[in-house]
Structure formats: structure tokens, C-alpha cells
Amino acid sequence: MFNRLQHKKGSASLYLMLLFAAAVAMIGLRQCSARTIPARGDHYATGDTINVAIEISPMGVTTTADSLGGYYYDMLREMAARHNRPVYFHPFTRLSDALDGLKEGRYQLVVSDIPATAELKEEFIFVHPGDIDRQILVQRKDSTGAVPYLNQFNLGGQEVVVPKNSPFISRLRNLARETGDTIIITEDPLYSTEQLIIMTSLGEVPNVVASARVAAPLLARYPNLDGSLEISFNQFQGWALSPSDSILRDTINSWLEAEQLHQER
């Protein structure tokens, strides 16, 4: 896929800009926490500081002008400050990288819209910030505004692209079994879901599976895209922790409960 992308002159600069923006966000985020953290050679905090991998996305963390924001970023930073617990943010674009870091002990918490599937529950424990989402197929409309795939049975023999090691892969495999046909699943090792959606609009990749909430702002921005075909039922989205961190899970759950009460006042 990388070789194919190199020959697309019109989109190469866009991808470079996206990657540069992600790099800038990473540099900025590593300087930010609920409390000032001294720089370390390995860029990971120790002591009672929580190393948090957070997704670069509108729900996770974004950059606006010279400031950082994002729903989960603001929520977690404010909760940690209120409870006097330092946090250290490590931004990411690929969920698989963050989950690998969680397994290896580099992070204690991964903040993203992670589907709490049975497979992931075997490896991680979750806190649920009260969010429910579903998976959809993002596809291009033709010149008349019609879409090629109207239902899940139309996906037989078709290619669907997801980031490498995406948690959506298991759902696609189950869907192939349910429909009795083959779905060609391509795992892209370079790009995030948001970038793949943009590439779908540009004609670089055929179809992408994404969470409805992640896709929503991009569907509004690119009118040649459609996200009406649902791939899964509604399911809980959560933040992932190592199974050995049940105390931290209980702590964050208590923060979320206190935050809900704080907002209701």
C-alpha cells in the first residue's frame, strides 16, 4: 500500500502535513500534565504519576492554535488536578501501539474510544466514561450520490481497510462468518483511522471501518463519503488498563462518578 501511495501526487503533501501535525502535538503534549514533571531521558514519569497514552483525535486530544484541548484530555486533566494526582500524557495515532505499550508497562492507562469486545477483555480491564458507540463502514458515493454497499451482505469479496491490529478486525471476521462470505481485510501499518477516512475520500483506499463518533466530523467535512452502513450493534467504549491495575481502575471509576456528581450540581 505504501508504494501505491507514493505515486499519488495530489495527496502526498496532505499526508506529510498530517504526520507533521501529529509530531508537533506529541512534542507539545509531553510538556503538559496536571503537575509539572521533570524531563527524563526515557520520557516516562515515575512515582505516583500516571502515564497516560491518549489518542490524537477530536475526542482525545487536539491542538487549536497554540492550545491543547479535546474532550478526554480536558476531562482527565481536570479530574487528576482535582484529586491531586499527577498525569503525564503520551499521544498516539495507532491504538495497537498504545495497547502494546500498556502490555509492556510503559503506560498505565490508554484513553481512546476502545470497543470493549470479548477479545480485548481477555487482555485488559476497562473503565467506561459512559460512552456507547457502534462501528460503521465509511465508503465513497458515486457521481449520483449513491453508495455501492447498501447492506452487510454486499461486502462479500470486497476489501476493507483498518489500521494494523485494529480491534475492529474481530468484528469483520465475525461478520464474514455470519454472511457466509469472504471480506478482504487489509491492515494498514502506517495510518490512523482518521487518516484512512481522508484517504477513502481521496480514492486512495476503498472502504474503512470506523467508530461512528470518530467518523462523524469527517463525514461532515467530506460530502462524498457515506457512513450509513452499520457493521456492529451499539457497544460500550472504554479506557483500557492492565489487569494488574484494578486499584487504578477503581480510582478512575471513583473520579468519573465524582465528576458526574460535580456536573449535576
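In this predicted model, the buried residues of helix α6 are Phe-168, Ile-169, Ser-170, Arg-171, Leu-172, Leu-175, Ala-176 and Thr-179. The helix spans residues 168-179, a run of 12 residues. From its first C-alpha to its last, α6 reaches 17 Å, close to the 16 Å expected at 1.5 Å a residue. The cover over the buried residues of α6 includes the strands β5, β7 (135-140), β8 (159-163), β9 (184-188) and β10 (207-211), together with α5 (118-121). Just after α6, Gly-180 adopts a positive phi of about 70 degrees.

Strands β8 and β9 run parallel and are joined by five bridges. Pro-163 has Asp-188 of β9 as its bridge partner. In the loop between β8 and α6 lies Asn-165. Asn-165 is not a glycine, yet its phi is positive, at about 60 degrees. Its relative accessibility is 44%, and Asn-165 therefore counts as partly exposed.

Asn-84 counts as exposed because its relative accessibility is 56%, the cut-off for exposed being over 50%. For context, most residues other than glycine have a negative phi.

Strand β10, another part of the cover over α6, is itself mostly covered, with five of its five residues buried. Both of its faces are covered: Asn-207, Val-209 and Ser-211 lie on one side, Val-208 and Ala-210 on the other, and all are buried. Strand β10 pairs with β7 in the antiparallel sense, over five bridges. Within this pairing, Leu-137 has Val-209 of β10 as its bridge partner.

The largest nonpolar core has 24 residues, of which Val-52, Leu-76, Leu-109, Val-111, Trp-239 and Ile-252 touch the most other members. Two or more residues are given to this core by each of β1 (50-55), α3 (71-82), β4 (87-92), β5 (109-115), β6 (125-133), β12 (235-241) and α9 (246-264). Helix α3 provides the largest share, six residues. Leu-76 touches Val-52, Phe-89, Leu-109, Val-111, Trp-239 and Trp-255, when residues up to four places away in sequence are not counted. Apart from this core lies another, of 16 residues, including Ile-136, Ala-212, Ala-215 and Tyr-222. In soluble globular proteins, nonpolar side chains tend to be buried together.

Gln-108 is found in the loop between α4 (95-103) and β5. Leaving aside neighbours within four places in sequence, Gln-108 is in contact with Thr-49, Ile-50, Asn-51, Leu-102, Ala-240, Leu-241, Ser-242, Asp-245 and Leu-248. Between Gln-108 and Thr-49 there are 59 residues of sequence separation, and their C-alpha atoms are 9.5 Å apart in space.

For the protein chain as a whole, the secondary structure comes to nine helices and 12 strands. The chain has 265 residues, of which 48% count as buried. Among contacts with a separation of 6 or more, 74% are between residues 24 or more positions apart.

The mean pLDDT of the protein chain is 81, and 81% of its residues reach 70 or more. Confidence is highest in strand β11 (residues 225-230), at a mean of 96, and lowest in helix α1 (residues 2-6), at 38. The pLDDT is below 50 over residues 1-13, a stretch that has 14 contacts in the model beyond near neighbours in sequence. Residues 22-42 also have a pLDDT below 50, and this stretch has 37 contacts in the model beyond near neighbours in sequence.

Definitions and conventions. Residues are numbered from 1 along each chain as its sequence is written. This is a predicted model: local features need pLDDT of at least 70, side-chain atom pairs count only at pLDDT 80 or more; totals for chains, interfaces and linings use all residues. Side-chain values use heavy atoms; hydrogens and water are left out. A nonpolar core is a set of buried Ala, Val, Leu, Ile, Met, Phe, Trp, Tyr and Cys residues joined through side-chain atoms within 4.5 Å. Buried means under 20% relative accessible area, exposed over 50%, partly exposed in between (1.4 Å probe, protein chains only). Helices (H or I, at least four residues) and strands (E, at least two) are DSSP runs, numbered from the N terminus. Contact means heavy atoms within 4.5 Å. The expected span of a helix is 1.5 Å times one less than its number of residues. pLDDT is the predictor's confidence in each residue, from 0 to 100. Two strands pair if DSSP finds at least two bridges between them.
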